[in-house]
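Dear colleague,

Please find below the structure that I am handing over to you, followed by an account of what was found in it. I would be grateful if you read the two side by side.

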Amino acid sequence: MKDAFEWDRASQGMILSAFFYGYAVTQIVGGETADARGGRAVLAFGVGAWSAATALTPMAAHAGVGPLVVTRVALGMSEGLAFPAAHAVIASEVPRERRSTAAAAVTAASYAGAAFAFAVTPGLVSEFGWPSAFYSFGAIALLWAPFWFALPDHREPRGVDDEIEDAETRRFIAESSATATKPPASFAIWTELIRRKEVRAICVAQFTQSWGMYGLLSWLPTYFNEAQGVDLADLPAFTFAPYILQGVLGFGVGIIADDLIHNKNVRVKTVRRAAQCAGTLGPALCLLVAASPLAEGNATLAAVAVDLGLALSALTLAGVSV
């Protein structure tokens, strides 16, 4: 696309980043809506909306950078509903002792989707032109929707221990009930959440991980194509493997975490912290190698560093993701 429209690097960065502005906007809205109306409906709406935005991308690109940025923001806003909705479904329909596994499986599936996209897109673009990728991925929702709506609803019974994790939270609920005749407004809920050190810690961890994760997701093909000189036709070999490894390790760490917590009686906090530290510091070291002079002109070393880094980042699925 940047060749067809002669975009410079700054324009490319603006177009790529537009998605994430939209993505950030609807995270909290998606969570609140999923809590109120159920995650299933919110996820179905999000899939339909982001599929439409994807299919409209070629037309927007031909209309100019402005319309394309608007379309990318709309894409991000639609996709921002996905994980809040998915986690709402997990909270309501997955047994407590399987939630690490479920959260890891859902996110691992998103990695598998990225791997699939990186594997097939270069071939589509080479054979049918760049618009074909957007039309193809926009149409996938038509295959997904019938299966989603056919799934039975399996809501799990929820007890006090499932809603309230510890004594501190129980005190907070009791104090709120004593001073209010109705549930607090959403702004008040957000204010109370952000006062909690656990929430702030998770936000910082998620921010730092996403800085590297989404940077790679957006720029990985460009890195191998321009910095390492890999041809477009050969890109799948370099961009497919990292996300497959990430998906496999991510799913595995969810199973292991559940086993450690519920069968081996390891403290929840210990498991979460260990997984988060390994899944943050490991990728950081690998990215330093990929960006260093050691990997300059050495596509194999760069690929190994990126593969290992992305794989290790999946350990955070047993950390902040749960």
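The model is a predicted one, in which local features need pLDDT of at least 70 and side-chain atom pairs count only at pLDDT 80 or more, while totals for chains, interfaces and linings use all residues. Residues are numbered from 1 along each chain as its sequence is written, and side-chain values use heavy atoms, with hydrogens and water left out.

Gln246 belongs to helix H13, residues 241-262 (helices are DSSP runs of H or I with at least four residues, strands are runs of E with at least two, and both are numbered from the N terminus). Apart from neighbours within four places in sequence, Gln246 contacts Tyr111, Met213, Leu310, Ala311, Ser313 and Ala314, where contact means heavy atoms within 4.5 Å.

**Cys286 in H14**

Helix H14 (residues 268-291) holds Cys286, which counts as buried at 9% relative accessibility. Its contacts, again leaving aside neighbours within four places in sequence, are Ala305, Leu308, Gly309 and Leu312. Between the C-alpha atoms of Cys286 and Asp307, 21 residues apart along the chain, the separation is 8.7 Å.

**Aromatic residues**

A pair of aromatic rings is described by the distance of the centres and the angle of the planes. Searching the whole structure gives 10 aromatic pairs (rings of Phe, Tyr and Trp, the last by its six-membered ring, pair if their centres lie within 6.5 Å; planes under 30 degrees apart count as stacked, over 60 as edge-to-face and the rest as tilted). Phe5 and Trp7 form a stacked pair, because their ring centres are 5.2 Å apart and their planes lie at 20°. Of these residues, Phe5 is partly exposed at 23% relative accessibility, whereas Trp7 is buried at 15%. The pair Phe19 and Phe20 is edge-to-face, because the ring centres are 4.8 Å apart and the planes stand at 85°. Phe19 is buried, with a relative accessible area of 8%, and Phe20 is partly exposed at 23%.

One aromatic cluster is formed by Phe5, Trp7, Trp130 and Phe134.

How do the axes of H2 and H11 cross, and at roughly what angle? The axes of H2 (residues 9-37) and H11 (residues 197-227) come within 10 Å and cross at roughly 155° (axes are lines fitted to C-alpha atoms, for helices over the stretch in contact, and angles run from 0 to 180 degrees between N-to-C directions). H2 is therefore roughly antiparallel to H11 (under 35 degrees is roughly parallel, over 145 roughly antiparallel, 65 to 115 roughly perpendicular and the rest oblique). Residues of H2 that meet H11 include Arg9, Gln12 and Phe20, and those of H11 include Tyr214, Trp219 and Glu226.

The axes of H3 (residues 39-63) and H5 (residues 82-93) come within 8 Å and cross at roughly 155°, so H3 is roughly antiparallel to H5. Among the residues making this contact are Arg40 and Trp50 of H3 and Ala85 and Glu93 of H5.

Definitions and conventions: Buried < 20%, exposed > 50% of the residue type's maximum accessible area, 1.4 Å probe, protein only.
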